[in-house]
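Me: I'd like to learn how to read a structure like this one, feature by feature. Could you walk me through it?

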Amino acid sequence: MALTGLSRACLGELIEELAPKRTARCDSALHERRGSARRRAAGAGPDHRLVFVDRVLVTLVVLRLAVPHAVLAVLYGVDGSTVSRAVREVRPLLAARGFAVPDRPGVRLRTLDDLFAYTDAEQVRLRMDGTEVQVRRPRVNRAGRRSFVSGKRRQTTTFCDEQGRTLFSGVVRPGRMHDQTPVRTEGIGEQFRLHPQVAVDVDEGYRGLANDFLDQVGAPPRKPKKDSPEGDKLAWREHRRRQSSRRICVEHAQAELKQWRPLQQYTGRRDAYAETHLAIAGLVSDRAAARATRRKTSTELVLARRSAC
């Protein structure tokens, strides 16, 4: 179980969750291929050499450690194409699961609309940041190679709560783009307009977003000029320290994602990166949501017993 990054209980729940979806997808594809209802009873035909449980395990090992398909094929005694087909079958199911919500079993966030609706209802202050993943460049004399010279990466935007538990991670874009780009192109700015009560802490890369939503987006304070009073400089350092302390948990959330080998240096097909990232981020959110919520203790004085007078 250590190779998959999941406990035995979590793995069992995951298989029970994916099995009906996989069956429904296969039945739909077969019905479309036949053009009519099935003519034989369920279970007829040749058996799979790699059962569904093993297919899930193979996919989790590939996502966790990026083990070559040929190595897993030798371990299971099947052809390498069988392992590749299993990964292509299970990975979309994992990517479509969405992100787990702390203290809300069964509820999952799949879009930015879901994320902002949840944080607005639960009054959760978000933390947002972008992260980069190295990808393979096209070979020499291949089309598109020049675009990977200055930014041969993929970027994603991650949202977490005040305890560093991943709530959403996606919005994949080329690495040469600025952090501010998804704010304009993916509708993040529009979400803040639709949900004026949602607040978020960001770094300097989202200065434009902070300027547009002063009451909702907390960015680092601007550095005072060199001839400013010493008191202003000390106040700036303290303000920056506190803002960084609130925002640092999103860096920890991104570090959990980077523990999975494909998100350290992605060597697969670039068109499958977004699906791979969503599959891994959904699994990471399951582990994060299982962590207990730390409640802030109140400093209000309360009488231990009713006074006589």
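Predicted model: local features only at pLDDT ≥ 70, side-chain atom pairs only at ≥ 80, totals over all residues.

Me: How many helices and strands are in the chain?

Reply: Helices (H or I, at least four residues) and strands (E, at least two) are DSSP runs, numbered from the N terminus. Here the chain has eleven helices and eight strands. Its C-alpha atoms fill a box of roughly 80 × 75 × 35 Å along the principal axes.

Me: What share of the residues is buried?

Reply: Buried means under 20% relative accessible area, exposed means over 50%, and partly exposed is in between (1.4 Å probe, protein chains only). Of the 309 residues in the chain, 44% are buried.

Me: And what share of the contacts joins residues 24 or more positions apart?

Reply: Contact means heavy atoms within 4.5 Å. Taking the contacts in the chain with a separation of 6 or more, 64% are between residues 24 or more positions apart.

Me: On to charges. How many salt bridges does a search of the whole structure find?

Reply: The general idea: side chains of opposite charge can pair when their charged atoms come close. A salt bridge is a side-chain nitrogen of Lys or Arg within 4 Å of a carboxyl oxygen of Asp or Glu. In this structure the search turns up 20 of them.

Me: Which residue forms a salt bridge with Arg97?

Reply: That's Asp286, with 2.9 Å between the closest N and O atoms. The pair links distant parts of the chain, 189 residues apart: Arg97 is in the loop between α4 (80-95) and β1 (99-100), and Asp286 is in helix α11 (residues 273-289). Arg97 counts as buried because its relative accessibility is 3%, whereas Asp286, at 23%, counts as partly exposed. Both belong to a network of salt bridges that also takes in Glu17, Lys21 and Arg108.

Me: Which parts does the salt bridge between Asp201 and Arg127 tie together?

Reply: The two side chains meet at 3.7 Å, N to O. Asp201 sits in strand β6 (residues 200-201) and Arg127 in strand β3 (residues 126-135), so this bridge ties together parts 74 residues apart in sequence. Asp201 is buried at 0% relative accessibility, and Arg127 is buried too, at 7%.

Me: Are Arg269 and Asp271 buried or exposed?

Reply: Both are exposed. Their side chains meet in a salt bridge, 3.4 Å from N to O.

Me: Now helix packing. At what angle do α1 and α4 cross?

Reply: Two packed helices are described by the angle between their axes and the distance between the axes. Axes are lines fitted to C-alpha atoms, for helices over the stretch in contact, and angles run from 0 to 180 degrees between N-to-C directions. Helix α1 (residues 8-34) and α4 have axes that come within 10 Å and cross at roughly 115°. Angles of 65 to 115 degrees count as roughly perpendicular, under 35 as roughly parallel, over 145 as roughly antiparallel and the rest as oblique, and α1 and α4 are therefore roughly perpendicular. Residues making this contact include Leu14, Leu18 and Lys21 of α1, with Glu89, Val90 and Leu93 among those of α4. By class, the contact has seven nonpolar, no polar and four charged residues. Here Ala, Val, Leu, Ile, Met, Phe, Trp, Tyr, Cys and Pro count as nonpolar, Asp, Glu, Lys and Arg as charged, and the others, Gly among them, as polar.

Me: Which residues of α2 and α3 meet?

Reply: Asp54, Leu57, Val58, Val61 and Val62 in α2 meet His69, Leu72 and Tyr76 in α3. That contact has six nonpolar, one polar and one charged residues. The axes of α2 (residues 52-65) and α3 (residues 69-76) come within 11 Å, crossing at roughly 145°.

Me: Last one: is Ser285 buried or exposed?

Reply: Ser285, in helix α11, is buried, with a relative accessible area of 0%. Not counting residues up to four places away in sequence, Ser285 touches Gly98, Phe99, Ala100, Arg108 and Thr166.

Conventions: Residues numbered from 1 in each chain as written. Heavy atoms only, no water.
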